[in-house]
Amino acid sequence: LTYHSNHRYIPRETISLPENGSLNTDQQHTLFQLPFGVSGRYTMNREGMFQPYFGLKLGPQYGKLKTVFNAFQETTDTWGFYMSPELGVTFFPFEKTDFGFQAAVFYSYSTNKNKSYSLNGLNNVGFKLGIAF
């Protein structure tokens, strides 16, 4: 289970509304991503100090799109399929212990769509640093 949040500020502009209306405001766009599902990992050199691995996560992703216009807000929910390959290494510097460090890079893609936000899939690239035990 992971959680992503992306934000984008849009400076003040005039937005056309239906039936000859308009709104002059700045905006804050926020995208919340909540992918979940199953993951698998294949580790090489299991007995070594450096243990490279690759993994894959698959499952559904919930997305919540939110736009805040000063005192008003609009939200939209969306669902899509999620996949995320990952390459990493776990480093065990201490002999006879299961404590170590981990570093990885990953790419994720989901099929979430929304016409109002011109959203047709989501892509993320990232890295992870952590401890292993």
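Helices (H or I, at least four residues) and strands (E, at least two) are DSSP runs, numbered from the N terminus. The model is predicted: local features need pLDDT of at least 70, side-chain atom pairs count only at pLDDT 80 or more, and totals for chains, interfaces and linings use all residues. Residues are numbered from 1 along each chain as its sequence is written, and side-chain values use heavy atoms, with hydrogens and water left out.

**Chain**

The chain contains seven strands and zero helices. Its radius of gyration (taken over C-alpha atoms) is 21 Å, well over the 14 Å that the globule rule (2.2 Å times the number of residues to the power 0.38) gives for 133 residues, so the chain is more spread out than a compact globule. The C-alpha trace spans about 70 × 25 × 15 Å along its principal axes. Of the 133 residues, 31% are buried, where buried means under 20% relative accessible area, exposed over 50%, and partly exposed in between (1.4 Å probe, protein chains only).

Strand S6 (residues 100-114) pairs with S7 in the antiparallel sense over 13 bridges; two strands pair if DSSP finds at least two bridges between them. Gln102 has Gly130 of S7 as its bridge partner. Four residues lie between the strands of this hairpin, in which Ser118 takes a positive phi near 55°.

**Pockets**

A pocket is an open set of points, on a 1 Å grid over the protein atoms alone, where a 1.4 Å probe fits, with protein on both sides within 12 Å along at least five of seven lines; lining residues have an atom within 4 Å of a point. Grid points are joined across faces, edges and corners, and a volume is the space filled by probe spheres set on the points.

| Pocket | Volume | Lining by class |
|---|---|---|
| Largest | about 330 Å³ | six nonpolar, eight polar, three charged |

Ala, Val, Leu, Ile, Met, Phe, Trp, Tyr, Cys and Pro count as nonpolar, Asp, Glu, Lys and Arg as charged, and the others, Gly among them, as polar.

The lining of the largest pocket takes at least two residues from each of strands S1 (4-17), S2 (21-35), S4 and S7 (119-132). The lining of the second largest pocket includes Glu47, Phe92 and Asp98.

**Thr67**

Thr67 belongs to strand S4 (residues 50-69) and is buried, with a relative accessible area of 3%. Beyond residues up to four places away in sequence, Thr67 touches Gln27, Gln28, His29, Phe72, Gln73, Glu74 and Tyr117; contact means heavy atoms within 4.5 Å.
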